[in-house]
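Here's a quick briefing to read with the model open. Have the sequence to hand as you go through the points.

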Amino acid sequence: MNKSLSQKIFVGLFAGLLIGTAIQYLFAGVSLFDQYLLGFAEGVGGMFVSLIKLLVVPLVYVSIVCGIVELKDINSFGRLGGKTFALYILNTVVAITFALTIGMIVQPGAGANLGGTVAQAIEITSTTTLISSQ
C-alpha cells in the first residue's frame with residue numbers, strides 16, 4: 001500500500017503522540033523510563049530545536065536574496081520593499097494588539113501574593129554601611 005508523504009508524516013506524528021503519552025502516564029514509576037529515556041528524549045529534543053533555530057535565519061536570508069535577484073525591473077524592488085515593510089508593520093501591530101488584549105482578559109499574575117519575597121531573599125545594604133565597614 002503506497003501512502004503519500006503527508007499520510008506518513010501524520011501516522012508518525014500520532015504514533016509518537018501515543019507512545020509519548022503511554023510512557024508518561026502508564027510507566028510513570030518505572031525508573032528506566034523516568035531516568036534514562038526522559039533524559040535522552042530531552043537531549044535529542046533540545047538539539048532538534050537548536051538545529052531548527054540554526055536553520056531559520058539562513059533560510060530567510062537566502063529566500064530574500066533569491067527573491068531580489070529574480071526581479072526583472074529594479075523599480076519593482078521599491079514596490080516590493082514597501083509592501084514587505086507595510087506587512088511587517090501591520091503584523092507587528094496585530095500581534096501587539098492581540099497580546100495586550102489577551103493580557104487584559106486573562107490578567108496573568110492577578111491575585112499573586114508576592115509581598116516580602118524579595119526582602120526575605122536578599123538583604124539590601126545601604127551605601128553608608130558599605131563605606132563604614134571598609
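The largest pocket holds about 180 Å³ of space. Keep in mind that this is a predicted model.

**Largest pocket**
- The residues lining the largest pocket are Ile19, Gly20, Ile23, Gln24, Phe27, Ala28, Phe33, Asp34, Leu37, Leu38 and Ala41.
- Helix H1 and helix H2 (31–69) each put at least two residues into that lining.
- H2 is the top contributor, giving five residues to the lining of the largest pocket.
- Sorted by class, the lining has eight nonpolar, two polar and one charged residues.

**Aromatic pair**
- Ring pairs come down to two numbers, the distance of the centres and the angle of the planes.
- The count here is one aromatic pair, and it is made by Phe10 and Phe14, with 6.5 Å centre to centre and 25° between the planes.
- That pair counts as stacked because its planes are 25° apart, and the stacked class takes planes under 30 degrees apart.
- Both Phe10 and Phe14 sit in helix H1 (residues 5–25), four residues apart, or about one turn of the helix.
- Phe10 counts as partly exposed because its relative accessibility is 47%, and Phe14 is partly exposed too, with a relative accessible area of 47%.

- Most residues other than glycine have a negative phi.
- Gln107 isn't a glycine, yet it has a positive phi of about 55°.
- You'll find Gln107 in the loop between helix H3 (75–106) and helix H4 (117–121).
- Gln107 comes out as partly exposed because its relative accessibility is 48%.

Technical notes. Residues numbered from 1 in each chain as written. Predicted model: local features only at pLDDT ≥ 70, side-chain atom pairs only at ≥ 80, totals over all residues. Heavy atoms only, no water. Buried < 20%, exposed > 50% of the residue type's maximum accessible area, 1.4 Å probe, protein only. Phe/Tyr/Trp six-rings, centres within 6.5 Å; stacked < 30°, edge-to-face > 60°. 1 Å grid on protein atoms, 1.4 Å probe; cavity = no way out; pocket = protein on both sides within 12 Å on 5 of 7 lines; lining within 4 Å. Points joined across faces, edges and corners; volume = space filled by probe spheres on them. Nonpolar A, V, L, I, M, F, W, Y, C, P; charged D, E, K, R; others polar.
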